[in-house]
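Biologist: I am new to this structure. Could you pick one part, take a close look at it, and then show me what lies around it?

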Amino acid sequence: MRNTLALAALLLIASLTPQSCLNAAEPKWRRLTTANFELLTTEGDRRARAALLHFEQVRSFFLKVGIKEPVSESKTLIVAFQSEKEFKPYRPTESAAAYYQRGYDRDYIVMQELSPDFLSGATHEYVHLLVQHSGMRLPAWLNEGLADFYSTMTPVGKKVKVGEIIPGRIYSFRESKMLDLPTLFTVDHDSPYYNERDRTQIFYAQSWALTHMLMLSETYRPKYGEWMSALVAGKSHEEAFQSAYGQTLATVEKSLNSYFRAATYNYALFDTQLEKSAEEPAIEIVSALESGLALASIMGAGPKADEARELLVGLEKKFPDDHRIPAALGYLALREHPNPDEAMAREQFAKAIAMNSPEVRLLVDYARLLENETRADGEGGLRERGAARDSRSMPVLLRALEMRPTQYEVCYDLARMLFNENAFAQAIIALQPLKSLTREQGRQIFRLLAYLYLQVKQPTDAKSAAERLRGISQTPEEIAEA
């Protein structure tokens, strides 16, 4: 009997092919959903619930202090692994433990794991999301410095403390040689100081330290808003420091060098309270299709487009009737660097639309690609406004308008196309449903309206649109245009 059981066990082990063993070991993905976030993770439910509560609390804080949340049709998707090994294939840089990514369909925050030690990193990435949607073009150091500054958010009674010291940052700041400020200010996403592990530490530490000093020190805090406005308006760092503080970069650098060598530091207390609870999240096991689409999206936006394409092609073989796969392949083609493959994108978008894709964004982008193709067919590579045009894009936009009559991209693109067809009055009507606009959207709309009202001989309305354009212009170039 004992030999029979042993033989049966051996036969069972032998029957498991390598592929069977691999499938058995694949992580199981679950989706947890609250009112404002989705979490796709291989972590356990306890940590997942705690992470979602944290994100809901952070969102609540920023709303209460007057920072608007992004306007989006899709909830922010958090993708969280449970180990560095799982996370490594999707990590954009050597030092990243979490990152924010704006996908074609939604915002993503990707995390190595959901342990409490990583939740401050989650806050850091959420700040990047808010900055991205604000329309502000911040230099890399300030973007990272603000994210670090708010990542220390902790409840204190009925208040929230922000600006706590980050031990790792202050250690790096004190023990490493500082970058001179002109070097710090020119670091971008392609710089070694942003991507190489041994160099990123001083960049992040110094970015956090300078932000902390500007926001909380007695010398710099009173005119921080004036300095920020000057920088956002297009002034150089040197001009912004001179206009707000009357200081040279050398003086600021000297102040920074001594700031974190003091014995005490300031922090900020906000008169708002983090919510104690969020709704109980809905939990469901997700299919290989759902997890595969999410993983391909975060992989395709980085340097691993080939791996993302391979993953999507494999999904298409298994799920040939799902419209999201050709849509994802189309957007991946548009990310081709340095030359986006618009022909491939048009082909894939047409395929997704033929499958009755309900995505309005897809229709808008397909219409734009058709318009680009029409322009390229013109003499000299460009057709004149009002000339005979390919009408394929107009029905696509009208279909999108039926589905979403108040979506910005739909109304703006339709109005722009009607303007090109000399249908000025209809273009004005197409813009009427738009009410709540970001600054950048407002600049596009008021610029177009000014021209449209001139064409229909309504100079008073044209002037009003131009004045509104001037009111939201910030940089010298924007102001000159208005």
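**Salt bridges and the sheet**

Modeller: Let's start with Arg368, which forms a salt bridge (a side-chain nitrogen of Lys or Arg within 4 Å of a carboxyl oxygen of Asp or Glu) with Asp365, the closest N and O atoms being 3.8 Å apart. The model is predicted: local features need pLDDT of at least 70, side-chain atom pairs count only at pLDDT 80 or more, and totals for chains, interfaces and linings use all residues. Residues are numbered from 1 along each chain as its sequence is written, and side-chain values use heavy atoms, with hydrogens and water left out.

Both partners, Arg368 and Asp365, sit in helix H18 (residues 360–377), three residues apart, about one turn of the helix. Helices (H or I, at least four residues) and strands (E, at least two) are DSSP runs, numbered from the N terminus. The two side chains can also be placed by their cover: buried means under 20% relative accessible area, exposed over 50%, and partly exposed in between (1.4 Å probe, protein chains only). Arg368 is partly exposed at 29%, while Asp365 counts as buried at 8%. In general, side chains of opposite charge can pair when their charged atoms come close.

A second pair also lies within a helix. Arg346 forms a salt bridge with Glu342, with 3.9 Å between the closest N and O atoms. Because they are four residues apart in helix H17 (residues 342–354), about one helical turn separates them. Here Arg346 is buried, with a relative accessible area of 16%, and Glu342 counts as partly exposed at 30%.

Now for a pair that takes us to the sheet. Arg30 forms a salt bridge with Asp45, the closest N and O atoms being 3.0 Å apart. This pair links distant parts of the chain: Arg30 is in strand S1, Asp45 is in helix H3 (residues 45–64), and they are 15 residues apart. Arg30 counts as buried at 15% relative accessibility, whereas Asp45 counts as partly exposed at 27%. In total, the structure holds 30 salt bridges. There is also a network of them that links Arg31, Glu38, Arg106, Glu284, Glu290, Asp322 and Arg324.

What does the sheet itself look like? It is an open sheet of six strands, in the order S4-S5-S3-S2-S1-S9, with mixed pairing; two strands pair if DSSP finds at least two bridges between them. Strand S4 (98–102) and strand S9 (282–285) are the edge strands, each pairing on one side only. Neighbouring strands are turned by 20° against each other on average, direction ignored. Axes are lines fitted to C-alpha atoms, for helices over the stretch in contact, and angles run from 0 to 180 degrees between N-to-C directions.

Strand S2 (residues 37–41) and strand S3 (residues 76–80) pair in the parallel sense over five bridges. Helix H5 (residues 119–134) packs on the sheet, touching S2, S3, S4 and strand S5 (107–111); contact means heavy atoms within 4.5 Å. The direction of H5 makes about 25° with that of S4. Helix H14 (residues 288–300) packs on the sheet too, touching strand S1 (30–33), S2, S3, S4 and S5, and its direction makes about 90° with that of S5.

Arg102 stands opposite Asp107 in S5. Is S4 enclosed or exposed? Four of its five residues are buried, so S4 is largely enclosed by the rest of the structure.

Finally, a step back to the chain that holds these parts. It has 24 helices and nine strands, and 47% of its 482 residues count as buried. Among contacts with a separation of 6 or more, 64% come from residues 24 or more positions apart.
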